[in-house]
Amino acid sequence: MSRTALEDTRHELIKAHILDPENSPLPGDLQELLDRIISVSKVLDKNPILRQAVAIHQVKYPEISKSTAYCDVRMAVRLFNTLHTFDYDFYQTWLINDIVTNIQKCRATGSDKDRRIIAMEHANLLKAIGEKPENLPDLLRNEKHQFYVLIQNNNQQIKVELNNLKDLPTAALQELNRLIYGGNEITETHAEQIMNT
């Protein structure tokens, strides 16, 4: 006997489970799956980085494997489309193409009513695209200026050019890292506390 996937389950059953979990009409395995997916979707809203979301999800549900956690995250992204997964570029392209198509159709008829619609669509197009900025950003700004990282240690200030920072020897970078962060390495219990908050 094949079992129904969560994505194929009727919306009314999922809604009934969310509203009243004690009297859920869903089978037990789908109830657990839906609870995990709702949980990980909330995690994704606060922590959209996939690897971190999976790690937090595994802390909440230690009985699941890493591959199951990734499957839960992928399903949550499919079922609960959020701010982080919405494709604004696609939406804006679709909107602009739709407005342009309407303008072309109205222009082909040439009636007075269609001319008014063209004027409204031009206003909509201006809202979608936006006004042309007066001053465009300078793309060569990084090449015109030098950027420095100021390092202060025991009242001594060292100015290191940002481009030269990558050229420092590995030992110097490790020492710099130790000085900046005080040599405090994170422990496993501290990492677990961070993940639980």
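Trainee: Which residues of α1 and α2 meet?

Mentor: Ile14, His17 and Ile18 in α1 meet Gln31, Leu34, Asp35 and Ile38 in α2. Keep in mind that this is a predicted model.

Trainee: At what angle do α1 and α2 pack?

Mentor: About 75°, and their axes lie 11 Å apart.

Trainee: What makes α1 roughly perpendicular to α2?

Mentor: The label covers 65 to 115 degrees. The angle here is about 75°. That falls inside the range, so α1 counts as roughly perpendicular to α2.

Trainee: Why is histidine 57 called buried?

Mentor: Buried means under 20% relative accessible area. Histidine 57 has 0%, so the term applies.

Trainee: Where does histidine 57 lie, and what does histidine 57 touch?

Mentor: Histidine 57 is part of helix α3. Leaving out residues up to four places away in sequence, histidine 57 touches Arg36, Val40, Ile64, Ala69 and Asp72.

Trainee: Which residues have the most contacts inside the largest nonpolar core?

Mentor: Leu6, Leu33, Leu34 and Ile37, in a core of 19 residues. Helices α2, α3 and α4 each supply at least two residues of this core. The largest share, eight residues, comes from α2.

Trainee: What does isoleucine 37 touch?

Mentor: Leu6, Asp72, Met75, Ala76, Leu79 and Phe80, again without residues up to four places away in sequence.

Trainee: Which residues does the second, separate core include?

Mentor: That core has five residues, among them Ile99, Ile103, Cys106 and Ile118. As background, nonpolar side chains tend to be buried together in soluble globular proteins.

Trainee: How do you know that the span of helix α6 agrees with its number of residues?

Mentor: Helix α6 has 18 residues, 112-129. At 1.5 Å a residue, α6 should span 26 Å. The end C-alpha atoms are 26 Å apart, so the values agree.

Trainee: Which residues of α6 are buried?

Mentor: Asp114, Ile118, Glu121, Leu125 and Ala128.

Trainee: Why do the buried residues of α6 count as lining one face?

Mentor: Look down the axis of α6. The buried residues fall within an arc of 80°, so they line one face of the helix.

Trainee: What does the face turned away from the buried side of α6 carry?

Mentor: The exposed residues Asp112, Arg115, Arg116, Met120 and Lys127. Exposed requires over 50% relative accessible area.

Trainee: What covers the buried residues of α6?

Mentor: The cover includes α5, residues 88-109.

Notes:
Residues are numbered from 1 along each chain as its sequence is written. This is a predicted model: local features need pLDDT of at least 70, side-chain atom pairs count only at pLDDT 80 or more; totals for chains, interfaces and linings use all residues. Side-chain values use heavy atoms; hydrogens and water are left out. Helices (H or I, at least four residues) and strands (E, at least two) are DSSP runs, numbered from the N terminus. The expected span of a helix is 1.5 Å times one less than its number of residues. Buried means under 20% relative accessible area, exposed over 50%, partly exposed in between (1.4 Å probe, protein chains only). The arc is that of the directions from the helix axis to the C-beta atoms. Contact means heavy atoms within 4.5 Å. A nonpolar core is a set of buried Ala, Val, Leu, Ile, Met, Phe, Trp, Tyr and Cys residues joined through side-chain atoms within 4.5 Å. Axes are lines fitted to C-alpha atoms, for helices over the stretch in contact, and angles run from 0 to 180 degrees between N-to-C directions. Angles under 35 degrees count as roughly parallel, over 145 as roughly antiparallel, 65 to 115 as roughly perpendicular and the rest as oblique.
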